[in-house]
Amino acid sequence: MSEFIPSWRLRQQFADRLSLMYRDEVPAYGALVDLVDRINSVGSATETFSGARLGQERHGAIRLALPEELSLLRRALGVLGMFPVEYYDLAAAGLPVHSTAFRPIEGDAIERSPFRLFVSLVRLDQIASPALQSEVQRLTRERSVMSPVALRYIERAEHQGGLRDAEGEAFLDALTETFRWHGEALSTKRIYDALINEHPLLADIVCFPNPHINHLTPRVSDIDQAQQKMIELGLPAKAVIEGPPRRNCPILLRQTAFRALEEDVTFRNMDGIDAVGVHTARFGEIESRGAALTRAGMDVYNACLASGNFDALPDDWNELRTRKLAWFRFRPAHGARLPNALPEGSEALEDLISSGAIIPEPITYEDFLPVSAAGIFRSNLRSEAKSNTEAKGNPAAFEEALGCKVSDAQELYERESSASLQQLFAHDQPRELVIHE
Ligand code: OOG
Ligand code: NI
């Protein structure tokens, strides 16, 4: 009997399929990917973070209407080795959604295919009008997000512990279809307009039969240069790049986006086609990633963001590391002879680092930033929505819909950092990547 396809390969193939589909659906995305490839191939000051994985690296985003959809999606993405990390509260920014990011969580799995999916669930409790609430309930009953074929393979993968060649292909085909844009609304034009007026995100989510992928973001080595090139190409980039300013030591995540296109939509009533219109949902985005910050580092970052002055965040790797503001992994220098056990006390480790026997490397930030995400959401809405900034996040409701807890990103970085340290002194262990899949 043949082996199961490793989940990283399914994840990589899924990302490739989405990318092909999105290139077809949104021509500006193809132009963006080509631009990013050109910049990445030249290299840049942020070389530390431009490893081999840069070329194929993407994140996507989708928005869901119902709690059941979120738990189904969790199961589907579990087959691809992607797990929910962090709860993103967008209520604070006046958006009627809350979110998580599905991604691989082990260092070697991330290296093999770092694909991430930002997934938002609409908060129907944020709809003020009871009449609109019940319209929305009626509409969402007509959705069936996962096709029966996809569901069958999810069940099979869960039961068998994986998928074999032909099964994997069939599953990925069905799953990719789940995110295709169809241009046929479930609702009438009247309800669509009422929802746009309530909040454009609501219309984008509940008026359509399935969650269309709304952007797919390539990672670029030099985002300032890319932003400049986007403007030259006539892609209307946001005026400001979200996230930290340009630095010698890149940290976290910097992003910029543009509204990609207006799409034709047909609306329905009981007798068939009711009206035609346009919908703007899909956009282009690029990002550059730097080092993950520790909790203390995030506190400094958030204070800097609030004050607009980033001087408090040192722009030096050694300082970021010794002040425990950023996460690092450690590797032995070529030919270095290390003791058999981790020496007691931090001085011994520092000595090995300053003598060059141990090389610290910043760990890439794999997650998202709620303030940046809110900026991206907002810049791509057609109208400035009225926003209910009174609303509070509800992680308990989100996790109940999801059917599990979200992982804490800080714990994952800490685990990665200490595992690399342990590995340095475990001489009887092979140093090569151990792939468990
Ligand atoms: C998701 C927006 C958030 C990011 O990169 O921060 C996001 C959405 O528009 O659905 O993708
Ligand atoms: Ni994004």
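**Close-up views of a predicted model**

**View 1. Lining of the second largest pocket.** α12, β10 (328-332), α13 (346-354) and α16 each contribute at least two residues to the lining of the second largest pocket. The structure shown in this and the following views is a predicted model. The space in the second largest pocket comes to about 430 Å³. Its lining is made up of 15 residues, and those closest to the centre are Arg 321, Lys 324, Phe 330, Leu 349 and Ser 417. Helix α16 provides the largest share of this lining, with 4 residues. By residue type, the lining of the second largest pocket consists of 6 nonpolar, 5 polar and 4 charged residues.

**View 2. Ser 420 in helix α16.** Ser 420 belongs to helix α16, which covers residues 409-425. With a relative accessible area of 11%, Ser 420 is buried, because the limit for that class is under 20%. The Ser 420 side chain reaches two backbone atoms: the nitrogen of Phe 330 at 2.9 Å and the oxygen of Ser 417, also at 2.9 Å. When residues up to four places away in sequence are left out, Ser 420 touches Arg 329 and Phe 330.

**View 3. Salt bridge between Arg 63 and Asp 204.** The side chains of Arg 63 and Asp 204 form a salt bridge, with an N to O distance of 2.7 Å. This pair links distant parts of the chain, since Arg 63 lies in strand β1 (residues 58-64) and Asp 204 in helix α9 (residues 200-206), 141 residues apart. Arg 63 has a relative accessibility of 9% and counts as buried. Asp 204 is also buried, at a relative accessible area of 5%.

**View 4. Salt bridge between Arg 246 and Asp 224.** A salt bridge joins the side chains of Arg 246 and Asp 224 at 2.4 Å, N to O. Arg 246 sits in the loop between α10 (223-232) and β6 (253-259), and Asp 224 in helix α10; the pair links distant parts of the chain, 22 residues apart. Arg 246 is partly exposed, with a relative accessible area of 47%. Asp 224 is partly exposed as well, at 26%.

**View 5. Salt bridge between Asp 315 and Arg 247.** In this view the side chains of Asp 315 and Arg 247 meet in a salt bridge of 3.6 Å, N to O. Distant parts of the chain are again linked: Asp 315 is in the loop between α11 (295-307) and α12 (317-322), whereas Arg 247 is in the loop between α10 and β6, 68 residues apart. Asp 315 counts as partly exposed at 31% relative accessibility. Arg 247, at 14% relative accessibility, counts as buried, because this value is under 20%.

**View 6. Network of salt bridges.** Glu 57, Arg 116, Arg 219 and Glu 366 are linked to one another in a network of salt bridges. Over the whole structure, a search finds 30 salt bridges.

Conventions
Residues are numbered from 1 along each chain as its sequence is written. Chains are lettered from A and ligands numbered from 1 in the order in which they are written. This is a predicted model: local features need pLDDT of at least 70, side-chain atom pairs count only at pLDDT 80 or more; totals for chains, interfaces and linings use all residues. Side-chain values use heavy atoms; hydrogens and water are left out. Buried means under 20% relative accessible area, exposed over 50%, partly exposed in between (1.4 Å probe, protein chains only). A polar contact is a pair of N or O atoms within 3.5 Å; within protein, one must be able to donate a hydrogen and the other to accept it, and residues adjacent in sequence count only if both atoms are side-chain atoms. Contact means heavy atoms within 4.5 Å. A salt bridge is a side-chain nitrogen of Lys or Arg within 4 Å of a carboxyl oxygen of Asp or Glu. On a 1 Å grid over the protein atoms alone, a cavity is a set of points where a 1.4 Å probe fits but cannot get out, and a pocket is an open set with protein on both sides within 12 Å along at least five of seven lines; lining residues have an atom within 4 Å of a point. Grid points are joined across faces, edges and corners, and a volume is the space filled by probe spheres set on the points. Ala, Val, Leu, Ile, Met, Phe, Trp, Tyr, Cys and Pro count as nonpolar, Asp, Glu, Lys and Arg as charged, and the others, Gly among them, as polar.
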